[in-house]
Amino acid sequence: MRCPYCRHSDSRVVDSREAEDGLIIRRRRSCQSCGKRFTTVEESILAVVKRSGVTEPFSRDKVITGVRKALQGRPVDDDAVALLAQKVEDAIRARGAAEVPSNEVGLAILVPLRDLDEVAYLRFASVYRSFESLADFEREISMLRDGLRDVGPPDEPDEPGEAEPDRAGKLPVGTHAPDNA
Ligand SMILES: [Zn+2]
């Protein structure tokens, strides 16, 4: 690791400590040439295995790029997207596996994206799950509605004939997080 001050290539570790529950290690280093100190962070590489079998390091930026594409024209700010990418990385790292198939990264994106923006979720799902027909969208939308109804406020009792056309067209009030507004 090069010294960020003088570019010397040799440094000595003066302190090492674990952070974030042992997922990363911070090392305090002292430059052998100029004597200045700097900190490095070490974490294991999370490898994403693509369908072709090629592996590449997990990239939060790639998640952000993909999600932004799906969010085009939608009223969602960059902070929310960065937070989503963080959630995706946390969810994947929490499994503790060194390698994760790329489709699981996609899955890990779908869940928080659904909470963030339904339209972007459908766009992303349509590409990621290779929707081929209107029926694919219809199925996904109806699952989306069911899911939203499940987390909706309990003020509407679930009647036996719950597929009234009138209600099916409306999303329950209060399912949007206020910080989306
Ligand atoms: Zn130096």
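Residues are numbered from 1 along each chain as its sequence is written. The model is predicted: local features need pLDDT of at least 70, side-chain atom pairs count only at pLDDT 80 or more, and totals for chains, interfaces and linings use all residues.

Val 13 is exposed, because 11 other C-beta atoms lie within 10 Å (exposed is 12 or fewer within 10 Å, buried 20 or more, partly exposed in between, with C-beta atoms placed from the backbone). Leaving aside neighbours within four places in sequence, Val 13 is in contact (C-beta atoms within 7 Å) with Arg 27 and Arg 29.

Now move on to helix H1, residues 60-70 (helices are DSSP runs of H or I, at least four residues), where Val 63, Val 67 and Ala 70 are buried. Seen down the axis of H1, these buried residues fall within an arc of 50°, so they line one face of the helix (the arc is that of the directions from the helix axis to the C-beta atoms). An α-helix has 3.6 residues a turn, so residues three or four places apart point the same way. The face of H1 turned away from the buried side carries the exposed residues Asp 61, Thr 65 and Lys 69.

What covers the buried residues? The cover includes helix H2 (78-93), helix H3 (102-116) and helix H4 (118-128). Among the residues of H1 that meet H2 are Val 63 and Val 67.

Definitions and conventions. Helices (H or I, at least four residues) and strands (E, at least two) are DSSP runs, numbered from the N terminus. Two residues are in contact if their C-beta atoms, placed from the backbone, lie within 7 Å.
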